[in-house]
Amino acid sequence: MIHVPEYKEPQHSRQSESYLTPKKLYLPLIQHTGKPSRLCVSEGSTVEEGSVLAERDGLISAALHAPKNGKIDRITSFPHPLCGRAQTICMTCAPSARSYSLRYNALAQSGEELIERLQHSGIVGMGGASFPTHVKAAPPKPITTLILNGCECEPFLSADYRLMWERAEEILKGTEVLCRLLKPRKVILAVESHTQPVCEHIRSVAANGSIRLPDFELRILPSRYPQGGEKQLIRALTGREVPPKNLPLDVGCMVQNVATCVAVYEAVYLSKPLIERLVCFCGDAVKEPKNVWVKIGTTLQELVEEKVIELEDSLRKIVCGGPMMGTALDGLHYPILKGTGGFLFLSESFLRDEESPCIRCGRCVDACPMNLAPLEYVKRITRGEYGTLSDYYIEDCIECGACTYVCPARIPLVHYIRLGKQRLRAQTPLKK
Amino acid sequence: MWQVVIALIPAAGASLFFFRTHALWLLVLCVGGAAAAEAVIVKIRGRKLTLRDGSAVLTGILLALVLPPFTTWYAALLGAAVAILIGKHLFGGLGANIFNPALIGRAFLLSAYPAMLTTFAVPGNLDAVTKATPLYLLKSQGIETPLLPLFTGTIGGCIGETSAVCLLIGGVYLLARKIVDWRIPLSFLGTVILMSTIFWILRPQSGSPAFHLLSGGMLLGILFMATDPVTTPSTKTGRYLFGTFCGIVIMILRYFSGLPEGVMYGILFMNAFVPLINRYTKPRRFGTGKMSTA
């Protein structure tokens, strides 16, 4: 674990804005972990807000809904912020104003009905990994502790923090729904010390009596990186470590991002599928860093053209996600996905100097939250000795970027590790 | 690397103060020789010029500091060339070398010119040639040098190792700025104190702990040679082990070998074990061992 500067202001304390009337939307069929969704519309068809564009294909997959009324222009390969290019539904939006109001009494529904609602709403984990929530909400083992992740340990990003201010009730009501499904003995909302101001607010919402959570606790953890990593969070809160190749549920825990809880609330209470989210636009090359509610599929290009975000001339780098784990983008022609928590716009001062040889100082070993020795990978990968990588448990790496951050030789260690994992997988035949 | 160079300024200053032009020439020759060798070899290897990383300059300074004042100009140049070419680039350059390059340079000179490398001068009387370093006096005649000269540096020895106080200032700088990890110096120092205390109690003529700490190249070794990141372990446990065993090997050499001093061979010997130490001191895998619950 390491300390990193937070750079959370001013987006941290600024009320979020909305841009929910996009002109065009670009919706990739792969926005989740698992199998891409199966198309159920064709080019030229007219769709309504909330209607299904592509349905769940298999268990680990998620449905995709139309974020607005509109017409499907094309279904084609389009730039995807995380996987190069992907099959994408391109639509032109028509003005529409569908409103959502309380439709269901969530707590009167059975577990199966709730799971089905999550399935039909296309909800995925919104903290980054985008694992379909309907699968996670029906675990094969009992869950004793449900952990709400409000840590947002990546510098700059502040969407989860704004959600905790502006949607605290929805977060807790979504959690109540998850509790009905998971029946945990304990619910812990974990935040980092930089989110101190919001804690009182959450406590008062939790205490107002209308939301029933089993043994609810708000825990303030020190601001360390990567505190919000699933395995690190579980250890910090429960003292339990998730063994290699195991899942949190193997130690009786489940971690849900606070934004996912809001989506669960909207799906179950309002029958609203996951079609919009809060996204943080920040960095030193954006004029007013802020959080904006946007429709899934809105492109950065459109947000800039519509002056929702204004960029400085000093812009040198665009990153999808946070500075530690994000992916660099080569332009503005990328859509916002269900799992996109933010974009960074950085000037020259954040660019990395050129890589120099490893002097084996071991700072990466000290920094690694998974107790790995990252320096051992670099020389093996540059020499092409992929076979020995698992001797150093390369598969345990969570790619948090702490090693890259502390490296005095500016070696992009995570980049090497990703390459090494890929090559190792290519060498190892898949187990049937 | 430049930070370590800065930390060596007090020790280099002391060498100039005590050994005057002898020290100046050695520093100039070793740094110049090392830099020239580096420039030539990176050119031959088709790499970018790496002088700016400070590593060759540092090797040059460290080599000069572990040479006696009467080292001839050709020996100094040769030592610098061996340090850079064989000690570093033969293994693949910065970061890939197994042994401390400066110590490789000195080890080479010690075997090539044994008489030259064991002939010293006493500060203040630079014309008088002597073989008598405090460790030599202890080993051959049983004379233990008082601590004050050992601390300030008015004793015979290599140009940079005599003044304990200046080495300590540099060492504290490195530790305070977190440029080097404290685990190696701590375990190294602890082992030397422990072993010398035991031997001192059993046999007072073997030298007091303070004497062993302040004499010879001990502090230079502990603070500047055994903390070179490239040639020491990268794991925390490994660093404790490395420091401890450096201390043990050096004290064994001092007590039981034919040589009065053992710092150089002790550290070089332990350098060879670093890959092995790294391999067997991997940090506990997350989710296994005592923290595991599955």
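1. A helix axis here is a line fitted to C-alpha atoms over the stretch in contact, and angles between axes run from 0 to 180 degrees between N-to-C directions. The model under discussion is predicted.

2. Two packed helices are described by the angle between their axes and the distance between the axes. In chain B, the axes of helix α13 (residues 236–256) and helix α14 (residues 263–271) come within 8 Å and cross at roughly 140 degrees. An angle over 145 would count as roughly antiparallel, and 65 to 115 as roughly perpendicular; α13(B) and α14(B) are therefore oblique to each other. The crossing of α13(B) and α14(B) is right-handed.

3. Which residues make the contact between α13(B) and α14(B)? From α13(B) come Phe242(B), Phe245(B), Cys246(B), Val249(B), Ile250(B), Leu253(B) and Arg254(B). From α14(B) come Val263(B), Tyr265(B), Gly266(B), Ile267(B), Phe269(B), Met270(B) and Asn271(B). The residues of this contact divide into 11 nonpolar, two polar and one charged.

4. Next, the charged pairs. Side chains of opposite charge can pair when their charged atoms come close. Over all chains, the structure holds 35 salt bridges.

5. One of the salt bridges joins Asp366(A) to Arg239(B), with the closest N and O atoms 3.9 Å apart. The cut-off for a salt bridge is 4 Å. This pair crosses between chains, from helix α9 (residues 363–367) of chain A, which holds Asp366(A), to helix α13 of chain B, which holds Arg239(B). Are the two residues buried or exposed? Asp366(A) has 31% relative accessibility and so counts as partly exposed. Arg239(B) has 3% and so counts as buried.

6. Glu399(A) takes part in a salt bridge with Arg418(A), where the closest N and O atoms are 2.8 Å apart. The pair links distant parts of the chain, 19 residues apart: Glu399(A) lies in the loop between α10 (375–383) and α11 (402–406) of chain A, and Arg418(A) lies in helix α12 (residues 413–427) of chain A. Glu399(A) is buried, with a relative accessible area of 17%, whereas Arg418(A), at 33% relative accessibility, counts as partly exposed.

7. Glu399(A) also meets Lys421(A) in a salt bridge, at 2.8 Å from N to O. Here the partners are 22 residues apart, with Lys421(A) in helix α12 of chain A. Lys421(A) has a relative accessible area of 14%; buried means under 20%, so Lys421(A) is buried.

8. Salt bridges that share partners also join Lys35(A), Arg38(A), Glu55(A) and Asp57(A) into one network.

Conventions
Residues are numbered from 1 along each chain as its sequence is written. Chains are lettered from A and ligands numbered from 1 in the order in which they are written. This is a predicted model: local features need pLDDT of at least 70, side-chain atom pairs count only at pLDDT 80 or more; totals for chains, interfaces and linings use all residues. Side-chain values use heavy atoms; hydrogens and water are left out. Helices (H or I, at least four residues) and strands (E, at least two) are DSSP runs, numbered from the N terminus. Angles under 35 degrees count as roughly parallel, over 145 as roughly antiparallel, 65 to 115 as roughly perpendicular and the rest as oblique. A crossing is left-handed if the near helix is turned anticlockwise from the far one by less than a right angle, and right-handed if clockwise. Contact means heavy atoms within 4.5 Å. Ala, Val, Leu, Ile, Met, Phe, Trp, Tyr, Cys and Pro count as nonpolar, Asp, Glu, Lys and Arg as charged, and the others, Gly among them, as polar. A salt bridge is a side-chain nitrogen of Lys or Arg within 4 Å of a carboxyl oxygen of Asp or Glu. Buried means under 20% relative accessible area, exposed over 50%, partly exposed in between (1.4 Å probe, protein chains only).
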